[in-house]
Amino acid sequence: MRRCVHRNPNFEPGTLTISLTEDQKKKYRKQLAMPGMTTDCQARLMKARILILGASETAFVCADHLMRLGAGHLELAGASHYDLHLLAERLDALHPAPADTHVGVSEQTFDAHDSEQLITSFDVVVDGLSDWQLKLVASDACMHLSKPLVHVGGEGFRYQLYTMRPGRSACLRCVFPRIGIDDFPKTPDEDALFPPVQGVLGSLQAIEAAKLAANFGASQGNELFKFDFLSGEMEMITGLDSVSDCPDCRKPRR
Ligand SMILES: [Zn+2]
């Protein structure tokens, strides 16, 4: 059962094409003027199905930006129903109907048993989860189903951004040791919040998710970006290719 916050009149699940109305061309004219963005890209974005896992502030910022861009369908999942509905209500307040984005709240639990059933119908998955075990569950399921995963993880002022593309990328289980995370870090303190940090991270996730959904720009899939917002240091780690002897990321299973 899903709670539908918005209904996009042009969104018809399963349809292959969608055309922009004159009003939509006008509404999105500024992003359509960006290099690489075309009406075809916008149309793909407007029929994309994007799953946002978690009810974190990062997830909220990402969802907000994707709605501003006109993404077709956002599904919120991977947190308590109370938190997911709260997130949906915040989005609803910022994007009053009629909106181009259909927002749904999944009543399905997200765990190792049910994750693939939830993920299978989506084009892109955004990791706004706090729990590291659930992040690994998302990685496993996305690898198995060959779905791109836009991961953000970390705590305090130190975070990483990694766009995992099955067939090109190492899975999260392989990536963490390679970036110096040998043991699962503690789950971040959800009461600790520095909104500009979550704003940057959610915005970066929205850019990556939009690029993947609209098929423009580049997401190499083997690069990870580390940020220390306190010191101002940033680092890009390259070469995070799929690992030949890993059962999860050595190659897409389908
Ligand atoms: Zn792997």
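Which residues of α7 are buried? The legends below take up this helix and several other parts of a predicted model.

**Figure 1. The whole chain, in outline.** The protein chain has 9 helices and 9 strands. It holds 254 residues, and buried residues make up 42% of them. Consider contacts between residues at least 6 apart in sequence: 72% of these join residues at least 24 apart.

**Figure 2. Helix α7 and what covers it.** Helix α7 runs through residues 132-145. Its 14 residues reach 20 Å from the first C-alpha to the last, close to the 20 Å expected at 1.5 Å a residue. Buried here are Leu134, Lys135, Val137, Ala138, Ser139, Ala141, Cys142 and Met143. Among the strands are β2 (49-53), β5 (124-127), β6 (149-155) and β7 (158-164). The helices include α6 (115-119) and α8 (172-178). Ser146 follows α7, and the phi of Ser146 is positive, near 60°.

**Figure 3. Ala141, a residue of α7.** Ala141 lies in helix α7. Is Ala141 buried or exposed? Ala141 has 21 other C-beta atoms within 10 Å, and 20 or more make a residue buried, so Ala141 is buried. Leaving aside residues up to four places away in sequence, Ala141 touches Ser115, Glu116 and Ile119. Asp248 sits 107 residues from Ala141 along the chain, yet their C-alpha atoms are separated by 9.2 Å.

**Figure 4. The two sides of helix α5.** Helix α5 spans residues 81-94. It has 14 residues and reaches 20 Å from its first C-alpha to its last, close to the 20 Å expected at 1.5 Å a residue. The buried residues of α5 are Leu84, Leu87, Ala88 and Leu91. These cover an arc of only 100° around the axis, which puts them on the same side of α5. On the other side, Tyr82 and Ala93 are exposed.

**Figure 5. His81, in helix α5.** His81 has its place in helix α5. It has 14 C-beta neighbours inside 10 Å, so His81 counts as partly exposed.

**Figure 6. Helix α3 against its neighbours.** Helix α3 covers residues 39-46. Cys41, Gln42, Arg44, Leu45 and Met46 are buried in α3. These buried residues pack against α2 (29-32), α4 (57-69) and α9 (195-214).

**Figure 7. Where α3 meets α9.** How far apart are the axes of α3 and α9? The two axes are 8 Å apart, and the helices pack at an angle of about 105°. Helices α3 and α9 are therefore roughly perpendicular to each other. From α3 come Cys41, Gln42, Arg44 and Leu45. They meet Ala210, Ala213 and Ala214 of α9.

**Figure 8. The largest nonpolar core.** This core has 67 residues. Which residues have the most contacts inside it? They are Ile50, Leu66 and Ala209. Helix α9 gives the most to this core, with 9 residues. Ala209 touches Ile50, Cys62, Leu66, Val124, Val126 and Val150, with residues up to four places away in sequence not counted.

Definitions and conventions: Residues numbered from 1 in each chain as written. Predicted model: local features only at pLDDT ≥ 70, side-chain atom pairs only at ≥ 80, totals over all residues. Buried ≥ 20, exposed ≤ 12 C-beta atoms within 10 Å, placed from the backbone. Helix = DSSP H or I, 4+ residues; strand = E, 2+ residues; numbered from the N terminus. Contact = placed C-beta atoms within 7 Å. Core = buried A, V, L, I, M, F, W, Y, C linked by C-beta atoms within 7 Å. Expected span 1.5 Å × (residues − 1). Arc of directions from axis to C-beta. Axes fitted to C-alpha atoms, helices over the stretch in contact; angles between N-to-C directions. Parallel < 35°, antiparallel > 145°, perpendicular 65-115°, else oblique.
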